[in-house]
Amino acid sequence: MDTKAFRSALGRFATGVCLISVYDPDSGAMAMTANSFASVSLDPALVLWSIQNDSECFREYTQCSRFGISVLNDQQTALSNHYARKGQHAINDNDFIRDSNGVPLLRDALAQFSCKLHQLHEAGDHHIIVGQVEAFSVADGTPLLFFGGAYNSLSQAGQ
Ligand SMILES: Cc1cc2nc3c(=O)[nH]c(=O)nc-3n(C[C@H](O)[C@H](O)[C@H](O)COP(=O)(O)O)c2cc1C
């Protein structure tokens with residue numbers, strides 16, 4: 001299969017953008033940009049995202065007991081770019097709060113989910129991480145979108 005063409009076809013599916021965050025005793029508090037987030041189940045409350053097997057943060061995200069998901073708004077492109085860079089996953093404490101279990105969550109996110117690691121599935125060059133949502137919050141705003149390998153916003157869509 002032509003991997004470049006396949007990646008391009010996958011990019012025709014518009015998504016939101018999240019920061020997945022974790023506290024690791026050795027590495028500290030970290031965040032990574034991800035658009036593989038999806039809802040899975042309402043009862044029990046389950047969500048998923050997938051991590052590439054060669055990520056420098058693979059151990060921290062697959063061996064944690066809890067992690068956070070923060071949905072970005074369209075004013076947070078710089079945060080998305082920052083936490084998508086290798087070697088730039090240590091969080092800036094000013095931008096994050098901690099939940100009752102010490103998991104970092106982005107301030108001013110459109111939605112925050114505090115998750116317990118529920119299941120881990122090996123899937124090709126990624127692992128699927130399923131989280132059980134223990135707490136969540138929402139805020140007003142316009143989502144940051146990712147489409148065709150570029151950022152977009154609902155306020156620009158359809159123009
Ligand atoms: C919009 C966007 C979405 C991304 N989604 C994912 C994802 O779902 N899973 C993943 O493992 N990496 C994803 N990445 C890549 C990571 O954010 C990051 O660039 C990559 O993990 C860097 O390599 P490292 O993990 O070795 O530091 C995404 C990057 C961007 C810009």
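**Notes on the predicted model**

1. Strand β5 provides the largest share of the shell around the ligand, namely four residues. Helices and strands are here DSSP runs, of H or I over at least four residues for helices and of E over at least two for strands, numbered from the N terminus.

2. The model is a predicted one, in which local features need pLDDT of at least 70 and side-chain atom pairs count only at pLDDT 80 or more, whereas totals for chains, interfaces and linings use all residues. Residues are numbered from 1 along each chain as its sequence is written.

3. The ligand is surrounded by 18 residues, and the closest are Ala34, Ser36, Ser55, Glu56 and Ala84. The elements giving two or more residues to this shell are β3 (28-34) and β5 (46-52). A residue is near a molecule if its C-beta atom, placed from the backbone, lies within 6 Å of it.

4. By class, the shell around the ligand comprises eight nonpolar, eight polar and two charged residues. In this scheme Ala, Val, Leu, Ile, Met, Phe, Trp, Tyr, Cys and Pro count as nonpolar, Asp, Glu, Lys and Arg as charged, and the others, Gly among them, as polar.

5. Ala111 has Val138 in β10 as its bridge partner.

6. A further open sheet has three strands in the order β1-β11-β12, again with antiparallel pairing. Because β1 (15-16) and β12 (150-153) stand at the edges with a single partner strand each, one side of each is left without a neighbour in the sheet. Strand β11 (residues 144-147) pairs with β12 over four bridges, and the partner of Phe146 in β12 is Tyr151.

7. Arg59 lies in helix α2 (residues 58-62). Arg59 counts as exposed because it has 12 C-beta neighbours inside 10 Å, where exposed stands for 12 or fewer other C-beta atoms within 10 Å of a residue's own, buried for 20 or more and partly exposed for counts in between, with C-beta atoms placed from the backbone. From C-alpha to C-alpha, Arg59 and Gly16 are 25 Å apart in space, and they are 43 residues apart in sequence.

Notes: Two strands pair if DSSP finds at least two bridges between them.
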